[in-house]
Amino acid sequence: MAQSIPPGDIITQPNAKVVFNAPYDDKHTYHIKVINSGGRRIGWAFKTTNMKRLGVDPPCGVLDPKEDVLVAVSCDAFAFGQEDTNNDRITIEWTNTPDGAAKQFRREWFQGDGIVRRKNLPIEYNA
């Protein structure tokens, strides 16, 4: 039943983008706070457009209503200006968890016919 109800909103801090500052000869880590502002438990997962440069820890999880989690987004060292970074972004997807499900993330929540919401956070690299 929960699958037919659209998931509530999440709040991310920062809200619009992730910024990494030079130099890029070492790994950078940026923290994003994800808050479930809706009234139902949700499952969430991060995706990234550049798996070899960008990492997310933890990559997925479950949040009860009003609960939050701090997620570390890392950017590995790379040759700034010699690699295409224009399309780098991370995407968070979330969906309601099934009624009665354990508070343990399950990938199949995203593969059925339930409603999955997405939020894109572009990544900005400052020279």
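**Reading a nine-strand chain**

Mentor: Start with a strand pair: β5 (residues 54-57) and β7 run antiparallel, joined by 4 bridges. Keep in mind that this is a predicted model.

Trainee: Which residue of β7 stands opposite Asp 57?

Mentor: Ala 72 in β7 takes that position, facing Asp 57. Ala 72 is also the bridge partner of His 31.

Trainee: How many bridges join β3 to β7, and how do these strands run?

Mentor: There are 8 bridges between β3 and β7, and the two strands run antiparallel.

Trainee: How do I judge whether β7 is enclosed or open?

Mentor: Count its buried residues, meaning those under 20% relative accessible area. In β7, 6 of the 8 residues are buried, so the strand is largely enclosed by the rest of the structure.

Trainee: Now the whole chain. What does its secondary structure come to?

Mentor: It comes to 9 strands and 0 helices. Read from the N terminus, the elements run β-β-β-β-β-β-β-β-β. The C-alpha trace spans about 50 × 25 × 20 Å along its principal axes. Of the 127 residues in the chain, buried ones make up 39%.

Trainee: What share of the contacts with a separation of 6 or more comes from residues 24 or more positions apart?

Mentor: Such residues account for 74% of those contacts.

Trainee: How should I read a nonpolar core?

Mentor: In soluble globular proteins, nonpolar side chains tend to be buried together. Then look for the members with the most partners. The largest nonpolar core here has 23 residues, and Phe 20, Val 34, Trp 44, Phe 46, Ile 90 and Tyr 125 touch the most other members. At least two residues of this core come from each of β2, β3, β4 (42-48), β5, β7, β8 and β9 (117-126). The largest share, 4 residues, is supplied by β7.

Trainee: What does Phe 20 touch, beyond residues up to four places away in sequence?

Mentor: Its contacts include His 28, Tyr 30, Leu 54, Val 73, Cys 75, Ile 123 and Tyr 125. Trp 109 has a relative accessible area of 6%, so it counts as buried.

Trainee: And the aromatic rings. How many aromatic pairs does the structure hold?

Mentor: It holds 10. In one of them, the ring centres of Tyr 24 and Phe 78 are 5.0 Å apart and the planes meet at 40 degrees, so the pair is tilted.

Trainee: Why does this pair tie together separate parts of the sequence?

Mentor: Look at where each ring lies. Tyr 24 is in the loop between β2 (18-21) and β3 (28-36), and Phe 78 is in the loop between β7 (68-75) and β8 (89-96), so the pair links parts that are 54 residues apart in sequence. Tyr 24 and Phe 78 are both buried. Another aromatic pair, Phe 105 and Trp 109, is edge-to-face, with 5.9 Å centre to centre and 70 degrees between the planes.

Trainee: Which residues do ring pairs link into a cluster?

Mentor: The cluster consists of Phe 20, Tyr 24, Tyr 30, Phe 78, Phe 80 and Tyr 125.

Trainee: Which charged ends sit over rings?

Mentor: The charged end of Arg 53 sits over the ring of Phe 78, 4.5 Å from the ring centre. Over the ring of Phe 110 sits the charged end of Arg 107, at 5.9 Å from the centre.

Trainee: Last one. Where is Ile 42 found, and is it buried or exposed?

Mentor: Ile 42 is in strand β4. Its relative accessibility is 1%, so Ile 42 counts as buried. Not counting residues up to four places away in sequence, Ile 42 touches Ile 10, Asn 36, Leu 63 and Trp 94, among others.

Trainee: How many Å separate the C-alpha atoms of Ile 42 and Asp 26?

Mentor: The separation is 34 Å, for residues 16 apart along the chain.

Notes. Residues numbered from 1 in each chain as written. Predicted model: local features only at pLDDT ≥ 70, side-chain atom pairs only at ≥ 80, totals over all residues. Heavy atoms only, no water. Phe/Tyr/Trp six-rings, centres within 6.5 Å; stacked < 30°, edge-to-face > 60°. Buried < 20%, exposed > 50% of the residue type's maximum accessible area, 1.4 Å probe, protein only. Lys NZ or Arg CZ within 6 Å of the ring centre and 35° of its normal. Pairing = 2+ DSSP bridges. Core = buried A, V, L, I, M, F, W, Y, C linked by side-chain atoms within 4.5 Å. Contact = heavy atoms within 4.5 Å.
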